[in-house]
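Please look through the structure shown below before reading on. The report that follows takes up the sheet, then the helices, and then some single residues.

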Amino acid sequence: MEDIRKKLTEYGKKIVEKGLVAGPGGNISAREGDFVFLSPSGFFLDEINEEEWVKVNIKTGEIYSNLRPTCEISMHLGIYIERPDVKAVFHTHPPITVGLISSGVKFKPFFPDYVAILGKEVPIIDYVQPAGEEIRKAVVKEIKKTNVILLKNHGVVVVGETIKEAYTRSLIVEEAAKSIFVGICCGKLRYFTKKEIEQIENLESEDYRKALLKKQ
Ligand SMILES: [Zn+2]
């Protein structure tokens with residue numbers, strides 16, 4: 001099996017390349033057994049070497065590194081404890097998404113990949129203080145029933161059964177934001193009807209694509 005630290009390094013670069021974070025913003029992690037590998041605090045996500053991911057015991061919080069883990073460690077550990085199915089947590093600061101949700105714009109399904117990859121309901125939570133118990137509590141409460149959470153005046157938290165699935169969700173959130181922005185600038189954006197959402201949910205071809213994301 002491919003080393004997850006190698007994969008995290010690879011996807012850290014992709015996140016920055018796609019403009020989902022800037023500077024030392026955002027943090028990502030992946031689970032391996034009883035441990036999690038977290039991005040080190042203060043590092044740009046595209047400048048983390050394989051050996052620099054900070055290994056932490058999920059249950060005890062013990063840190064096996066000279067580097068300090070991301071300041072959002074508590075939120076990451078809280079998610080892994082709450083959701084045993086989750087193998088990766090990505091927290092990004094995508095600029096268009098953050099601008100839209102902080103202005104009160106709604107996120108609702110309006111194209112097929114939105115439904116298939118993000119789900120039919122994406123919660124938006126009010127601003128909470130980052131880097132500690134307040135954000136952990138708010139995110140863990142929501143993550144029980146969703147894979148994507150939008151944080152007003154802050155960013156996005158997504159989870160995945162694989163690193164690739166978490167990355168794909170992060171990417172599609174910002175793609176949706178771009179389309180919403182263009183849509184509302186040009187006129188009245190038409191969102192999917194309940195029936196249209198159900199049709200996508202029942203597509204066999206979507207099941208196949210989703211299964212593929214979970215294998216990588
Ligand atoms: Zn953040």
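Where is the place of Asn-153? Asn-153 sits in the loop between β6 and β7, where helices (H or I, at least four residues) and strands (E, at least two) are DSSP runs, numbered from the N terminus. This is a predicted model, in which local features need pLDDT of at least 70 and side-chain atom pairs count only at pLDDT 80 or more, whereas totals for chains, interfaces and linings use all residues. Residues are numbered from 1 along each chain as its sequence is written.

**The sheet**

Seven strands form an open sheet with mixed pairing, in the order β3-β2-β1-β4-β7-β6-β5, where two strands pair if DSSP finds at least two bridges between them. The edges are taken by β3 (54–57) and β5 (124–125), each of which has a single partner strand, so one side of each is left without a neighbour in the sheet.

Strand β1 (residues 27–32) and β4 run antiparallel and are joined by four bridges, with Ile-28 standing opposite Phe-90 in β4. Strand β2 (residues 35–38) also pairs with β1 in the antiparallel sense, over four bridges, and Phe-37 in β2 is the bridge partner of Ala-30. Five bridges join β4 to strand β7 (residues 155–160), and these two strands run antiparallel; here Ala-88 stands opposite Gly-160 in β7.

How many of the five residues of strand β4 (residues 88–92) are buried? Five of its five residues are buried, a term that applies if 20 or more other C-beta atoms lie within 10 Å of a residue's own, while a residue is exposed if 12 or fewer do and partly exposed in between, with C-beta atoms placed from the backbone. In a regular strand the side chains alternate between the two faces of the sheet. In β4, Ala-88, Phe-90 and Thr-92 point one way, and Val-89 and His-91 point the other way.

**The helices**

Two helices can be compared with their expected span, which is 1.5 Å times one less than the number of residues.

| Helix | Residues | Distance between end C-alpha atoms | Expected span |
|---|---|---|---|
| α6 | 163–186 | 35 Å | 34 Å |

Among the twelve residues of α8 the count of buried residues is zero, whereas the buried residues of α6 include Ile-163, Tyr-167, Leu-171, Val-173 and Ile-180.

Two packed helices are described by the angle between their axes and the distance between the axes. The axes of helix α2 (residues 73–82) and helix α5 (residues 133–143) come within 8 Å and cross at roughly 25°, where axes are lines fitted to C-alpha atoms, for helices over the stretch in contact, and angles run from 0 to 180 degrees between N-to-C directions. α2 and α5 are therefore roughly parallel to each other, since angles under 35 degrees count as roughly parallel, over 145 as roughly antiparallel, 65 to 115 as roughly perpendicular and the rest as oblique. Residues that make this contact include Ser-74, Met-75 and Gly-78 of α2 and Glu-133, Ile-135 and Arg-136 of α5, where two residues are in contact if their C-beta atoms, placed from the backbone, lie within 7 Å.

The axes of helix α3 (residues 95–102) and α6 also come within 8 Å, but cross at roughly 60°, which makes α3 oblique to α6. In this contact, Ile-96, Thr-97 and Leu-100 in α3 meet residues of α6, among them Val-173, Glu-174 and Ala-177.

**Single residues**

Leaving aside its neighbours within four places in sequence, Val-156 is in contact with residues including Thr-92, Pro-94, Ser-170 and Val-173.

Lys-152 is placed in the loop between β6 (148–151) and β7, and it counts as partly exposed because it has 15 C-beta neighbours inside 10 Å. Asn-153 is exposed, with 11 other C-beta atoms within 10 Å.

Most residues other than glycine have a negative phi, and most peptide bonds are trans. Asn-153, however, has a positive phi near 55°, and Ala-131, in the loop between β5 and α5, has a positive phi near 60°.
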